[in-house]
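Thank you all for coming. Please have the sequence and the three-dimensional view open while I talk, and we will go through the structure together.

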Amino acid sequence: MTLWFVARAAGFVALIAASLTVALGAGGSSSARYDGRILAQLVHRSAAVLTLAMLALHAALLIADSFVNVSIPGALVPFTAGYRGFALGLGTLAVYGFVVVAATGALRGRLAGSVRAARAWRAVHLSAYAAWALAMAHGVLAGTDTLRGWALLIYGLSAALVGGALAGRVAEALRTRRWELTRARRYATAPAGARR
Amino acid sequence: MTALADAAAPGLTVTSWGSARLLAGTGQGRVDLARHRALHGLPRRCEAPQLAQWLAAVRLLGRGGAAFPVATKLRGLPVGSRTHVVVNGSEGEPASHKDRVLMRLAPHLVLDGALAVAAALETGRVTVVVQDPAAHASLAAARRERPDARRVRIEWHDHGFVGGEVRAVTRALSGGPAVPPGRRVLPTVHGVDGRPTFASNVETFAQIALLLGLGVDEYAGVGSADEPGTTLLTLLGDVAHRGVVEAPTGMPLSALVGAGDGPVLVGGYHGTWVCGPGELTVSRPALRASGSPLNAGVIARLPHDTCHLGEVATVAQWLADQSAGQCGPCFFGLPALAATLNELAVGRPVMADARRRSALLPGRGACAHPDGAAAFVGSALSVLDAEIARHRAYGHCGRPLHGVLPTEPRGVAR
Amino acid sequence: MRLEIDWTRCDGHGLCARLLPERISLDEHGFPVLPVRDVDEPLLVHARRAVAVCPRLALRLERSPTTPQAASHTVR
């Protein structure tokens, strides 16, 4: 029973850490104050590591605990767990997503060498938003304490962190002239025949 | 001086100083295959090492603007069917007409040169890129006239000024966007479809054909020692003979532009302004050494009855409009520079801003467009200082803007 | 080593200038200006951090060319 509680706690901490990570990843490109941005990048990476550690703990404890019936294959293969299969499947997908995103983050320096890889890197790393959404859905659907006050508070805080950072980033991009350059680049790099 | 043709386009004269070589026979209009063979003989072929040796002997430099030694370019390419040959007839600079005139009137010389290079490199992949419809038609007709050009691809592009930059051209031919890439890789290493590509200006290929026909000694019998032969130029404004001119290298600029004392533009819209022709000669090495590279061969002198600052500002705005829109310093910097010039024209004291913005352009982009714009504007700010002072004092110089410097290709009518 | 910028990727965030002010300053639009591109010790560690911090991976470090390249081969 104790494992069950720790497992759930680990899950919630992982969610908060993930929200912090994604929020810092989004907010990290604003031009507010340069010092803060570099600091934000470092905290972003630390929070990512914490997220992965908590996720590993969360999954391991759930498998070990006898209160719910989650086997190793049930945890690893999405939607095959005996207990709340669909909701758990979302969690499995979220973990895989976060692992891939973290891998791109860790290999970032090495990927700066190729133009095509640098472009692909961004696309893959942005799937963090999808993984985060899956994690939120998993928590709400799989958790037995979803309607408790503290749980709602955590979900609300997580949504506010990520939603707020994303909204801030979109607003800032629209406000600065950077958006014009982005739009001009999209037009410029369309294949030559497509433009006319 | 021989007037050759004025039917190439309304108001566009074609002239040669001394005997015409590239423009031989064009006095009677377009040179078809029969007349071309009568003038230049059968096309010659030779192997790459020998061709490179001949090119080195006459020190042939590319005619597209970079003036790269053609022998060096050829030697850097592997022989074999993987290699591509690209003839760049884009001529996106509005004031330049030499390439379209060459393609319209002497297409077979261009094809001879392209096929000779392709034969030396033992490849069948030859593509000509052209933006002028009449030039395209002339080349297509020329291809129909001769079986050896059957496999030459003639592509019509419409990608503007920066789209005519050689890496933009090879990218477009590979199915990509018609803009230069972010990394500076030479087409000889990574060109069309990623393959080594010999890409050069239309006139360069015509010179190669001439060289093979005449041989080194006769080819080098005309022109200066540091760059033998002739070269095509486009002259406009207050000059003796407006239009396309074939001139021997080493010829004094003062003879080309004739008497007059307006400011002279050497090298077109990526070129430099000088107070007068001075001691300058038509020689790429010499002009580069004196800080006024010839680029694509456009030379202009502003007449007295137009607002000089306005002419420069108009071209600066055009340069800003031509930005491919990829690089921040160019995309934001060129419009800011053009706006500053307009402010100078109404008498605002923004000279320091203009110089600063111009100085911040070189080297900060994927291609040389910002560098060229900086050279054009920066030199104008120095050479036109009296004019700028007049604008500062009165808010204008009392002259209308006639638009002597074109921002659209058209017959050089003025 | 030498700093190179892929200008088609640079968005003008300016983090590089923060970490390597000895080599990188920003123009009025926020884009980096690098009058000197060569970097040697002891700046190399800061240059590597600047490369890592760029949100667009637009900055990179390359070996300085040992032979004079056709640096003016700006073709059209």
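This is a predicted model: local features need pLDDT of at least 70, side-chain atom pairs count only at pLDDT 80 or more; totals for chains, interfaces and linings use all residues.

Let me begin with chain C, where residues 24 or more positions apart account for 57% of the contacts with a separation of 6 or more, a contact being two residues whose C-beta atoms, placed from the backbone, lie within 7 Å. Residues are numbered from 1 along each chain as its sequence is written, and chains are lettered from A and ligands numbered from 1 in the order in which they are written.

As for confidence, the model scores ipTM 0.88 and pTM 0.85. Chain C averages a pLDDT of 85, with 87% of the residues at 70 or above, where pLDDT is the predictor's confidence in each residue, from 0 to 100. Over residues 70-76 of chain C, however, pLDDT stays under 50, and for that stretch the model has 19 contacts beyond four places in sequence.

Chain C has two helices and four strands, in the order β-α-β-β-α-β from the N terminus; helices (H or I, at least four residues) and strands (E, at least two) are DSSP runs, numbered from the N terminus. Of the 76 residues of chain C, 39% are buried, which here means that 20 or more other C-beta atoms lie within 10 Å of a residue's own, whereas 12 or fewer makes it exposed and anything in between partly exposed, with C-beta atoms placed from the backbone.

Within β4 of chain C, C:L61 is the bridge partner of C:L3.

Turning to the interface, 23 residues of chain B are in contact with 15 residues of chain C. On the chain B side, helix α12 (residues 328-345) gives the most, with four residues. By class, that side has eleven nonpolar, eight polar and four charged residues, where Ala, Val, Leu, Ile, Met, Phe, Trp, Tyr, Cys and Pro count as nonpolar, Asp, Glu, Lys and Arg as charged, and the others, Gly among them, as polar.

How values were computed: Two strands pair if DSSP finds at least two bridges between them.
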